[in-house]
Amino acid sequence: MKPSQNLLSWQVFVATCRTRSISQAAVLLGIDLPKASRLLSALETELGEPLFDKSHRPIQPTPRAAELQRAVEPLVAGFQAALEPKAEPHERFTIRFAAPIELAQEYFSDKLFQYSELFHDIEFAVLPEVGPDDIRRGDVDVAVLNRRPADPSGLIIRNYNNSTTVPLATPEYLRRHGTPLSPADLKMHEGLLLKAYNDDTVTQQLFFGRERSEPLEWKRTFVTHDQLTLKRLLLEHHGITVDLSILHIGEEIRRGIVVPLLEGWTKTPWCMCLVNRREDELRSAKLRDFVLWMTATAREDSARSANECRQIIEDAYLRSKRVDLKRGS
């Protein structure tokens with residue numbers, strides 16, 4: 001059978017066009033990534049041209065692929081409907097999704113809308129950040145946690161990203177208060193700290209490889225529960241933060257509005273994960289399919305953003321060294 005005569009090949013093609021990701025398409029269709037890649041490659045070979053520009057992330061359909069998608073997608077949808085006569089497209093399925101406010105606003109809301117566009121019978125209720133016990137009680141269906149629960153009983157935990165942060169301040173704050181040269185110097189500065197919903201304490205130490213700093217001391221601290229407040233306080237020159245994710249402040253670092261400090265020192269990484277009740281996933285295929293898709297999507301996006309954030313920080317430290325050299329000369 002030619003690839004163009006294989007319904008699954010076209011299903012992979014359409015899903016990849018819609019999600020801009022082969023791995024997400026594979027999850028949606030319930031097949032493994034190598035198989036999805038092989039089907040697409042065979043289709044491209046038969047058609048004699050590439051269908052996706054893979055030099056960009058996310059990948060982009062070529063003009064020829066966009067033309068094919070418009071022609072093929074209704075046919076694929078029709079075949080799928082014919083092959084799934086028991087489907088109930090009008091029955092709504094609501095997933096209660098909880099996440100830290102900054103992640104809900106700046107990342108997950110868009111992804112939930114994207115999933116609803118792919119599956120019109122799925123709708124979402126976005127809820128505030130919760131903890132493992134809230135998940136076990138069934139208060140939510142899926143939750144984003146910033147660390148793996150110490151007690152995993154009754155839960156399915158899927159890690160999607162491990163990320164850390166560096167000390168940050170504005171040039172204006174440093175002009176007023178001086179620049180710390182070591183973690184011990186932070187005792188002369190205002191600390192802008194995060195105490196997340198699932199954290200018992202604020203950041204206590206920084207790490208330089210395997211080396212640990214002494215317990216952090218601050219002149220004074222301001223503790224908040226969300227990253228957006230932390231960002232606002234930082235940009236208003238109120239202090240130094242060791243807890244703000246580069247995802248939320250990368251553009252300001254790139255423009256020099258915020259600068260990284262203490263090169264090489266970082267906080268303990270967050271272990272970002274998606275968590276749901278085991279019994280719910282066993283009972284609901286729709287919930288399981290969504291969690292698998294969301295995990296694959298978040299992993300792919302996080303890997304890409306981690307590289308971008310790393311480059312932003314490296315470039316910012318390099319700029320600071322150049323400024324120091326100019327001052328020294």
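User: What does helix 5 lie across in this model?

Analyst: In this predicted model, helix 5 (residues 101-118) lies across strand 3 (93-98), strand 4, strand 5, strand 6 and strand 14. Helix 5 runs at about 165 degrees to strand 4.

User: In what order do the five strands of the open sheet stand, and what is the pairing?

Analyst: The order is 4-3-5-14-6, and the pairing is mixed. From one strand to the next, the twist averages 20 degrees.

User: Why do strand 4 and strand 6 count as standing at the edges?

Analyst: Strand 4 (122-127) and strand 6 (155-163) each have a single partner strand, so one side of each is left without a neighbour in the sheet.

User: How do you know that strand 5 and strand 14 pair?

Analyst: Pairing needs at least two bridges. Strand 5 (residues 142-145) and strand 14 (residues 270-277) have three bridges, in the antiparallel sense; therefore they count as paired. Within this pair, L145 stands opposite C273 in strand 14.

User: How many aromatic pairs does the structure hold?

Analyst: The structure holds 12 aromatic pairs. One of them joins W10 and F13.

User: What makes the pair of W10 and F13 edge-to-face?

Analyst: The ring centres are 5.6 Å apart and the planes stand at 90 degrees. A pair needs centres within 6.5 Å, and planes over 60 degrees apart count as edge-to-face, so W10 and F13 meet both conditions. Being three residues apart in helix 1 (residues 7-19), W10 and F13 are separated by about one helical turn. Both W10 and F13 are buried.

User: Why is the pair of Y115 and F119 called tilted?

Analyst: The centres of these rings lie 4.9 Å apart, with the planes at 35 degrees. Stacked would require under 30 degrees and edge-to-face over 60, so the pair of Y115 and F119 falls under tilted. Ring pairs also link Y115 and F119 into a cluster with F97, Y107, F108, F124, Y160, F290 and W293.

User: What makes the phi of R20 and of H237 worth a remark?

Analyst: Neither residue is a glycine, yet phi is positive, about 60 degrees for R20 and about 65 degrees for H237. R20 sits in the loop between helix 1 and helix 2 (22-29). The place of H237 is the loop between helix 8 (227-235) and strand 12 (240-241).

User: Why is R20 called partly exposed?

Analyst: The relative accessible area of R20 is 30%, which lies between 20% and 50%, so R20 is partly exposed. H237, at 26%, is also partly exposed.

Technical notes:
Residues numbered from 1 in each chain as written. Predicted model: local features only at pLDDT ≥ 70, side-chain atom pairs only at ≥ 80, totals over all residues. Heavy atoms only, no water. Phe/Tyr/Trp six-rings, centres within 6.5 Å; stacked < 30°, edge-to-face > 60°. Helix = DSSP H or I, 4+ residues; strand = E, 2+ residues; numbered from the N terminus. Buried < 20%, exposed > 50% of the residue type's maximum accessible area, 1.4 Å probe, protein only. Axes fitted to C-alpha atoms, helices over the stretch in contact; angles between N-to-C directions. Contact = heavy atoms within 4.5 Å.
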